[in-house]
Amino acid sequence: MNKISRRKLIAGGAAAVAGVSGLAVADRLARRYGLIPPDGRTCYGAGETMTYAAQRLLTRHSLAREFPRSMISKTPFANEVAPPKEDFLRHQAAGFSDWRLTVDGMVARPMSLSISDIKSMPFRSQITEVACEEGWSYIAEWIGTPLVEVLNEAGVLPQARYLVYFSIQREWWESVDMADAYHPQTFLTWGMNDGDLPVGFGGPLRLRVPRQLGYKSVKYITRITATDSLKSFGKGLGSASPEAGYAWYAGI
């Protein structure tokens with residue numbers, strides 16, 4: 001076994017102290033600015049808090065990289081999830097004409113929108129990458145209505161801090177803070193690569209959050225709820241992801 005020199009031991013101790021001190025500073029800053037994530041009290045909470053607080057303080061308005069059309073993936077990976085058969089197949093057989101998106105919670109004007117209603121709002125496209133925590137990724141063109149357009153129509157109340165969104169798959173739900181909710185690249189996506197959004201990629205409606213890992217971009221969206229607290233949703237950790245061992249904030 002190699003002997004550890006006194007200098008290395010001192011340097012290692014200093015680094016450890018700096019690391020602990022850095023976490024303490026990050027925790028104080030996060031508390032000061034109200035940037036404790038909903039899963040900030042779990043066993044990995046200190047790291048989650050430092051990541052979330054640092055990105056919100058330094059890159060709150062940053063944009064996800066957008067690519068030229070020449071870089072769109074030839075064979076994107078759908079990562080298909082089988083939707084519930086009865087409900088979903090009924091909607092699919094009707095061409096999704098009766099699909100509704102409910103917008104409720106802390107809003108002045110609760111809404112129930114059809115796909116046609118959403119498509120009638122201002123829309124744009126972006127060519128961004130879906131990056132999965134499992135290591136795969138692809139680039140595609142996403143066409144949709146910026147979420148901010150719907151939120152402005154509904155009149156989100158100023159005290160709202162989070163937006164919770166639900167799939168037709170009842171166990172699949174996520175949430176984001178208002179920085180991502182109002183971000184210009186966060187889309188209610190209904191098109192992909194010049195066509196309708198395929199079912200395998202979340203059609204007829206998927207929330208795209210390109211500044212975060214793929215699991216935040218939930219497929220088959222049916223409801224959006226504005227709230228000032230996430231404690232009453234699920235186990236209070238912010239989404240189904242931390243309940244399954246992932247981080248609530250998955251910023252890239």
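Begin by selecting Leu237, which lies in the loop between strand 10 and helix 7 (240–243); helices (H or I, at least four residues) and strands (E, at least two) are DSSP runs, numbered from the N terminus. The model is predicted: local features need pLDDT of at least 70, side-chain atom pairs count only at pLDDT 80 or more, and totals for chains, interfaces and linings use all residues. Residues are numbered from 1 along each chain as its sequence is written, and side-chain values use heavy atoms, with hydrogens and water left out.

Next, display the open sheet, whose five strands follow the order 2-1-10-5-6 with mixed pairing; two strands pair if DSSP finds at least two bridges between them. Its edges are strand 2 (111–114) and strand 6 (173–177), each pairing on one side only. Strand 1 (residues 100–105) runs antiparallel to strand 2 and is joined to it by four bridges. In this pair, Arg100 stands opposite Ser114.

Finally, turn to the largest nonpolar core, with 36 residues. Such a core is a set of buried Ala, Val, Leu, Ile, Met, Phe, Trp, Tyr and Cys residues joined through side-chain atoms within 4.5 Å, where buried means under 20% relative accessible area (1.4 Å probe, protein chains only). Helix 5 gives the most to this core, with four residues. Select Leu101 here; its contacts include Met111, Leu188 and Ile224. Apart from this core lies another, of twelve residues, among them Tyr52, Phe166 and Trp248.

Terms used
Buried < 20%, exposed > 50% of the residue type's maximum accessible area, 1.4 Å probe, protein only. Contact = heavy atoms within 4.5 Å. Lists of a residue's contacts leave out its neighbours within four places in sequence.
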